[in-house]
Amino acid sequence: MKFGELARYLEKLEGVSSRNEMTVILAELLGKASPEDARLIVYLSAGRLGPAYNSPDMGVADKMMLKALGEGAGALFKQKGDLGLVAQSMGKSRKDLSVQEVHERLGEIAKLGGSGSQEGKQKLIGELVSDLDPVGAKYAVKIVLGKLRTGFSDMTVLDSLSWMMVGDKSKRGEIEKIYNVRADMGKIAETLKRLGRIKPLEPELGAPILMARAERAVSTQDIWKRNGRCAVEYKLDGLRIQAHVGKQVMLFSRGLENVTLMYPDIVEGLRKQIKEECIVEGEMIAVGKNGRFLPFQETVQRKRKYNIDTMSKKVP
């Protein structure tokens with residue numbers, strides 16, 4: 001599929017607010033796509049390059065985009081207030097690239113880092129925009145800036161995949177069961193397109209399993225009624241974590257964010273203590289010098305991107 005066709009569908013999606021309308025539009029789009037294109041379309045339609053847990057940040061702000069778009073972009077931006085519209089107004093190309101080519105080029109932009117990367121990103125963005133028609137340029141710029149506003153979530157995509165297969169939402173529950181085990185909507189779309197039927201996916205190291213959330217109950221009687229015979233335990237108030245232990249250890253938060261670098265002490269402990277490939281889940285809780293659990297307010301201090309080594313010694 002050409003990126004220009006995807007861009008026109010994104011334009012349609014931006015123009016509707018009804019979730020049912022979005023579902024039908026997405027189903028039509030995915031129905032036209034090849035299995036590989038379907039995977040990439042799911043990511044790009046959400047403004048990402050991959051699933052939520054593995055999608056690089058483009059590292060491009062408005063100022064850099066203005067430079068990439070070139071002369072005249074600044075004046076147009078003052079008029080329109082939207083860099084996607086600026087790219088559309090400046091675009092004159094009649095060329096088009098495939099969805100796969102655009103995804104690959106966006107990946108190259110995201111990968112650039114270090115000395116000279118700003119100039120490199122600007123050059124690659126300029127080349128990408130000049131190789132797309134005006135509507136394609138508009139949406140490529142929005143994706144790069146992280147400002148794509150299609151207004152739907154993975155839950156809408158679940159409905160759309162069901163609609164694509166049978167013309168209604170009746171298969172939503174079956175597809176959601178797969179999503180709970182492999183929270184990669186692009187991979188699910190590709191598999192459904194390739195097989196033409198619903199097939200469960202196995203858990204995979206490095207791909208987080210959607211974490212179940214507790215539901216509140218009015219009373220203990222309500223719990224027995226819902227669950228039947230069951231065990232109870234104290235609620236330990238920490239940070240929920242899912243660890244994938246194999247050749248490398250990967251940690252995911254409840255929101256499926258990759259937080260491996262934040263908790264080097266957890267990674268080291270898992271490496272030492274777990275000898276088999278597995279996925280484990282639990283609560284991370286800070287421990288005081290006396291070996292007792294620290295309050296949640298102290299545990300939560302560990303959720304940070306800077307001074308990680310210092311804080312891991314201070315709040316182990």
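The legends below describe an overview and several close-up views of one predicted model.

**Overview. The chain as a whole.**
In this predicted model, local features need a pLDDT of at least 70 and side-chain atom pairs count only at pLDDT 80 or more, while totals for chains, interfaces and linings use all residues. Residues are numbered from 1 along each chain as its sequence is written, and side-chain values use heavy atoms, with hydrogens and water left out. The chain has 16 helices and 3 strands, where helices (H or I, at least four residues) and strands (E, at least two) are DSSP runs numbered from the N terminus. Taken along the principal axes, the C-alpha atoms fill a box of roughly 65 × 50 × 40 Å. Of the 316 residues, 41% count as buried; buried means under 20% relative accessible area, exposed means over 50%, and partly exposed lies in between, with a 1.4 Å probe and protein chains only. Among the contacts in the chain with a separation of 6 or more, 65% come from residues 24 or more positions apart, a contact being heavy atoms within 4.5 Å.

**View 1. The aromatic pair of Y53 and F252.**
The structure holds 1 aromatic pair, and rings of Phe, Tyr and Trp (its six-membered ring) pair if their centres lie within 6.5 Å, with planes under 30 degrees apart counted as stacked, over 60 as edge-to-face and the rest as tilted. Because the ring centres of Y53 and F252 are 5.9 Å apart and their planes stand at 85°, the pair is edge-to-face. The pair links distant parts of the chain, since Y53 is in the loop between helix 3 (35-45) and helix 4 (62-69), whereas F252 is in strand 2 (residues 249-252), 199 residues apart. Y53 counts as buried at 12% relative accessibility, and F252 counts as buried at 0%.

**View 2. K12 over the face of Y9.**
K12 lies over the face of the Y9 ring, at 4.6 Å from the ring centre. A charge sits over a ring if NZ of Lys or CZ of Arg is within 6 Å of the ring centre and within 35 degrees of the ring normal.

**View 3. The crossing of helix 3 and helix 7.**
The axes of helix 3 and helix 7 (residues 99-111) come within 10 Å and cross at roughly 50°; axes are lines fitted to C-alpha atoms, for helices over the stretch in contact, and angles run from 0 to 180 degrees between N-to-C directions. That angle makes helix 3 oblique to helix 7, given that angles under 35 degrees count as roughly parallel, over 145 as roughly antiparallel, 65 to 115 as roughly perpendicular and the rest as oblique. The crossing of helix 3 and helix 7 is left-handed, a term used if the near helix is turned anticlockwise from the far one by less than a right angle, with right-handed used if clockwise. Residues E36, D37, L40, I41 and L44 in helix 3 meet V99, Q100, H103 and L106 in helix 7.

**View 4. The packing of helix 5 and helix 6.**
Helix 5 (residues 73-80) and helix 6 (residues 83-90) pack at an angle of about 125°, with their axes 9 Å apart, and that makes helix 5 oblique to helix 6. The crossing of helix 5 and helix 6 is right-handed. The contact is made by A73, L76, F77 and K80 of helix 5 together with L83, L85, V86, S89 and M90 of helix 6.

**View 5. The surroundings of K142.**
K142 lies in helix 9 (residues 134-145) and is buried, with a relative accessible area of 8%. Leaving aside its neighbours within four places in sequence, K142 is in contact with E14, D82, G84, K147 and L148. The C-alpha atoms of K142 and L85, 57 residues apart along the chain, are separated by 9.2 Å.

**View 6. Y263 and L256 in the loop between strand 2 and helix 14 (264-273).**
Y263 counts as buried at 4% relative accessibility, and, leaving aside its neighbours within four places in sequence, Y263 is in contact with L239, I241, L251, M284, R302 and K303. L256 has a phi near 70°, a positive value in a residue other than glycine, and L256 counts as buried at 7% relative accessibility.
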